[in-house]
Amino acid sequence: MPHPDPRELATANVGSNIRPRSATRDIRSSQTGGGWHLGKHTQHGSDAQFTQMGITGDFVRVFPARAEIRNTEPNVTHVLTITVVNRSDHSKRIRFIPPKTKEFTLHQIPSIAVAPGLEMTADLEYYSEADADFFDEVTVLCETDRITIPVFAYAPRAELHFDGYCLFGSVAPSQMTIRYVDIVNRGARAADFRLLNKQEMPFVVEPMSGRLGPADSDDCFLRLKVSFAGEDLGVQRSVLEVEVNGVIIGNVLDISALVVRQQFEIVAPDGTGRLDRLNFGTVYVGEERQETVTLVNDGPDETDFKFVIPRPDTAEVGDPPMYSAEPAEG
């Protein structure tokens, strides 16, 4: 049976905030799951979102690198745990600089030096009577290490997610083209939204306003219909701002299309460019000569073609055609 790693042993006294590294990892993983409740007015870990990677210094490693408490409620206490690992080969003293904002309180029991491989933790408590967002930071000190952890507390809000680009690509003039944009509310609150346009636009967006329910509700999803039938050649573009619950958010809906003519070009098969004429050279009576060209559709849509070759003025009735094309249509 292998000998146990002394760094993994719980050598601290009962009641100490120094824990073996493996034990603390298990606690941290359970917090990032469903969470649990402590008492009637305390939530521990249920709304805390952790950045998976920690911050590594010369002597310690700190988890999490960034902490966010989302969907906070007034008069409810939220708690998250900050863990510091001694990654050096010697015992180290670890200190914390608490947040300055009154809404955040750091609970940490001063301890003796932490042995190599062991961890110490501190509980960061958030409590506010206001339904608002707050930001602060916690600093961890160990020898020359000075590691700052940003801490955010976010009140419930609507969070709209959608593709900000609606691209029509190349379209023919006066051709009706339709695209769709899906909007999802992943926030904890309902969203009353409006699309704002500062100038006349060639696109038709339906609807321009609406209401989305909170995340996971039956009405948290909406599909916008964007129609376009432009006549002016060139690039057509409109940028719509998005207003949610009376506030303009940073995301925009950028709609664009390129209107081009539906036309054909005859080009040389060797890639030398467009051909305006075909020169068969000298052809003797009764001789037949062929030239191969490539017909290119320069328009945005698939379309039919047909070659129409007029007869020369000198041709008489019954004479076979002097020129022909194969295939003549397609």
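Is Asp216 buried or exposed? I looked it up, bearing in mind that this is a predicted model. Asp216 comes out at 78% relative accessibility, so it counts as exposed, the cut-off being over 50%. I found Asp216 in the loop between β19 and β20 (221–228). Its phi is positive, about 70°, although Asp216 is not a glycine.

Next I went to Glu143, another non-glycine with a positive phi, here about 55°. Glu143 sits in the loop between β12 (134–142) and β13 (145–153). Its relative accessible area is 56%, so Glu143 is exposed too.

- Phe63 to Pro64 is cis, with omega near -5°. I placed Pro64 in the loop between β6 (60–63) and β7 (67–69).
- Glu206 and Pro207 are also joined by a cis peptide bond, with omega about -5°. Pro207 is in the loop between β18 (203–206) and β19 (209–212).

Last entry, the surface. Which residues make the nonpolar patch of about 320 Å²? I got Met176, Ile178 and Tyr180. Ile178 belongs to strand β16 (residues 177–185). With a relative accessible area of 33%, Ile178 is partly exposed.

Terms used: Residues are numbered from 1 along each chain as its sequence is written. This is a predicted model: local features need pLDDT of at least 70, side-chain atom pairs count only at pLDDT 80 or more; totals for chains, interfaces and linings use all residues. Side-chain values use heavy atoms; hydrogens and water are left out. Patches are made of residues with over 30% relative accessible area and no salt bridge: like charges are joined within 9 Å, nonpolar side chains (Val, Leu, Ile, Met, Phe, Trp, Tyr) within 5 Å. Accessible areas come from the Shrake-Rupley method with a 1.4 Å probe; for residues, only the protein chains shown count as cover. A salt bridge is a side-chain nitrogen of Lys or Arg within 4 Å of a carboxyl oxygen of Asp or Glu. Helices (H or I, at least four residues) and strands (E, at least two) are DSSP runs, numbered from the N terminus. Buried means under 20% relative accessible area, exposed over 50%, partly exposed in between (1.4 Å probe, protein chains only).
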